[in-house]
Amino acid sequence: RTDHPGVVDYLVDVFERWARFGVDGFRIDAAADVPLPLVRRIREAVRAIAPEAIVFGEIVPDNIHRWTRSAVDAATDFPAREALLAWLHRGEGARRVAAWLARRRFFRDHTIGSTLAF
């Protein structure tokens, strides 16, 4: 019920409490399922207590750039991980993997995001 102000305040308080205990790294699982304004508020609250703290998001969709540009300091990138495993572990061509990653980067740098399957 992240649409309820009391729930939002409680969640932010939990992050603040752990930051006061000295935690300086936070991972938000399934961050893309959490409203973007809430993730921003969490990061701001944590940083107010621990300016060097990092908020890391587990984000699966192609629109990671929306999150890393405004809400989290870093995020998972499972498709890029799979591409690197294809090259390093399964022996797929480095040029093919590099081209795939370049296409993803190109689409991420545009406002429409990536909706293409590579």
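These legends describe a predicted model of one protein chain, view by view. Residues are numbered from 1 along each chain as its sequence is written. Local features need pLDDT of at least 70, side-chain atom pairs count only at pLDDT 80 or more, and totals for chains, interfaces and linings use all residues, while side-chain values use heavy atoms, with hydrogens and water left out.

View 1. Helices (H or I, at least four residues) and strands (E, at least two) are DSSP runs, numbered from the N terminus. Along the sequence the pattern reads α-β-α-β-α-β-α-α. The chain has 118 residues, and 31% of them count as buried. Buried means under 20% relative accessible area, exposed means over 50%, and partly exposed lies in between (1.4 Å probe, protein chains only). The chain exposes about 7,600 Å², with 57% supplied by carbon and sulfur atoms. Accessible areas come from the Shrake-Rupley method with a 1.4 Å probe; for residues, only the protein chains shown count as cover. Take the contacts between residues at least 6 apart in sequence: 53% join residues at least 24 apart. Contact means heavy atoms within 4.5 Å.

**View 2. Strand 2 pairs with strand 1 and with strand 3.** Two strands pair if DSSP finds at least two bridges between them. Strand 1 (residues 25-28) and strand 2 run parallel, joined by four bridges. Gly25 stands opposite Ile54 of strand 2.

**View 3. Strand 2 (residues 54-57) has a covered and an uncovered face.** In a regular strand the side chains alternate between the two faces of the sheet. Val55 and Gly57 form the covered face. Ile54 and Phe56 form the uncovered one.

**View 4. The largest nonpolar core has 21 residues.** Such a core is a set of buried Ala, Val, Leu, Ile, Met, Phe, Trp, Tyr and Cys residues joined through side-chain atoms within 4.5 Å. Ile28, Ile42 and Trp67 have the most contacts inside this core. Helix 1 (5-20), strand 1, helix 2 and helix 3 (64-70) each give two or more residues to the core. Helix 2 gives the most, with six. Leaving out residues up to four places away in sequence, Trp67 touches Ala31, Ala32, Val34, Pro35, Leu36, Val39, Ile59 and Val72.

**View 5. Ala30 has a positive phi of about 50°.** Most residues other than glycine have a negative phi. Ala30 is not a glycine. Ala30 lies in the loop between strand 1 and helix 2. Ala30 is partly exposed, at 32% relative accessible area.

**View 6. Helix 4 (residues 78-88) includes Phe78.** Phe78 is partly exposed, with a relative accessible area of 32%. Phe78 touches Glu58 and Val60, not counting residues up to four places away in sequence. The C-alpha atoms of Phe78 and Ile59 are separated by 8.3 Å, and the two residues are 19 apart along the chain. Also in helix 4, Ala80, Ala83 and Ala86 are buried. These three cover an arc of only 115° around the axis, so they sit on the same side of helix 4. The arc is that of the directions from the helix axis to the C-beta atoms.
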